[in-house]
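Please keep the sequence and the model in view while reading.

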Amino acid sequence: MDEQRIYRAALAAWGADAQTLMVFEEMAELQKELCKAARGKDNREQIAEEIADVEIMPEQMKVLHGCAEAVAAYRESKLRRLAIRCGADVEPQEGRETP
């Protein structure tokens, strides 16, 4: 499945503004399901579905804004910082120096 092609098609079909608003909607739906779980509801399947929706939308935003490489770099940096803060063992990637 060519995800990038699908993201471009969605942006072409519904437009940048509508898909940007959809990011907010999908995040709100996940928030709602997480709140239900915090109150004791067994809604694991609904949470999984909303996480899938939320994961798709930022991918479209990376296409829309042409920032996939920058996102990857920030993500790696932030994950390393998180690992340090929580004391997780982090194996250096081959060919990369450790900070």
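Leaving aside its neighbours within four places in sequence, with which residues is Asn 43 in contact? They are Glu 33, Lys 36 and Ala 37, where contact means heavy atoms within 4.5 Å. The model is predicted, so local features need pLDDT of at least 70 and side-chain atom pairs count only at pLDDT 80 or more, while totals for chains, interfaces and linings use all residues. Residues are numbered from 1 along each chain as its sequence is written, and side-chain values use heavy atoms, with hydrogens and water left out.

Asn 43 sits in the loop between helix H2 (16-38) and H3; helices are DSSP runs (H or I, at least four residues), numbered from the N terminus. Asn 43 counts as buried because its relative accessibility is 1%; buried means under 20% relative accessible area, exposed over 50%, and partly exposed in between (1.4 Å probe, protein chains only). Just after H2, Gly 40 has a positive phi of about 105°.

H2 has 23 residues, and at 1.5 Å a residue it should span 33 Å; its end C-alpha atoms are 33 Å apart, so the two values agree. The expected span is 1.5 Å times one less than the number of residues in the helix. Buried in H2 are Gln 19, Val 23, Glu 26, Leu 30 and Glu 33. The buried residues of this helix pack against helix H1 (3-14) and H3.

Ser 77 is partly exposed because its relative accessible area is 46%.

What of the cysteines? Cys 35 is partly exposed because its relative accessibility is 37%, and Cys 67 is partly exposed because its value is 27%. A search of the whole structure finds 0 disulfides, a disulfide being a pair of cysteine sulfur atoms within 2.5 Å.

Finally, the largest pocket is lined by Glu 55, Pro 58, Glu 59, Lys 62, Ala 68, Val 71, Ala 72 and Arg 75. Helix H3 (44-65) and helix H4 (68-86) are the elements that give two or more residues to this lining. A pocket is, on a 1 Å grid over the protein atoms alone, an open set of points where a 1.4 Å probe fits, with protein on both sides within 12 Å along at least five of seven lines; lining residues have an atom within 4 Å of a point. The lining divides into 4 nonpolar, no polar and 4 charged residues.

Definitions and conventions:
Nonpolar A, V, L, I, M, F, W, Y, C, P; charged D, E, K, R; others polar.
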